Amino acid sequence: MKSTITIGKGLPYAVLTVLLLTTLSCQQQHEHQHEHPELTAAKTSETPEYFMLRPEVEKAYGYTHAIKIGNEIKVSGAVSMDDQGNPTAVRDLAQQMKNCYADLEKILVHFGCSFDDVVVENIFTTNMEACLEASAYRQEIYKDQFPTGTWVQVESLALPEFMIEIELEVYKTD
C-alpha cells in the first residue's frame, strides 16, 4: 500500500496557522518578560565573584577557593596547609580538621557570612574512624544547627599527608 501526500489548497492555511502560533508564542514570551522585569534583572546582576585564599597555591593547582553567584557561595575543599601549600599537622587528623575550619572561616568572613549560613558540608577523609573521633569539634563550629552533608572515606587526597578535606555550600541571606 502506497501513501502519498497531496499538497493542495490546505497548505497555505497550514503555513499561516504555524506562523500565527509562532508569532503569538514569541509575543507571549515578550509580554511575560515585561510583566516580570525582576527576572531579567536577576539573571544579569548575578556576576560571579571569585575569591582566592592562597592565590599562588590555587593558581599552581588550578582552582579557585570560592565563588559567589547571587546568594550562593560554593567553597572548594579546605585542607590543612600553610600559605606556601605545604601540609600542616601531618598525621594529626583532629588538628587538620581545626585548620580546615580556620581557613573556611576566613572565606566565610570575606563574604560577610558565618558557619550559620552553611547549608551543605561535605567531608572527605582518608581515616573515617579518626574523623568520627574528632567530629565533636564540629559542635564548636555549628552552634545552632548542623548543615546537610556527606562524609566519605577516600583512598587519598591531593597530597598523601592530607587526611581530611572539607567543602561547603553557603546561602547568604540579604
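Strand E3 and strand E6 (residues 164-171) pair in the antiparallel sense over five bridges, where strands are DSSP runs of E with at least two residues, helices are runs of H or I with at least four, both numbered from the N terminus, and two strands pair if DSSP finds at least two bridges between them. The model is predicted, so that local features need pLDDT of at least 70 and side-chain atom pairs count only at pLDDT 80 or more, whereas totals for chains, interfaces and linings use all residues. Residues are numbered from 1 along each chain as its sequence is written, and side-chain values use heavy atoms, with hydrogens and water left out.

Two residues lie between the strands of the E2 and E3 hairpin, in which Gly-70 takes a positive phi near 65°.

Arg-138 lies in helix H6 (residues 138-141). Arg-138 counts as buried because its relative accessibility is 10%, the classes being buried under 20% relative accessible area, exposed over 50% and partly exposed in between (1.4 Å probe, protein chains only). Beyond its neighbours within four places in sequence, Arg-138 is in contact (heavy atoms within 4.5 Å) with Met-97, Tyr-101, Glu-121, Ile-123, Phe-146, Pro-147 and Trp-151.
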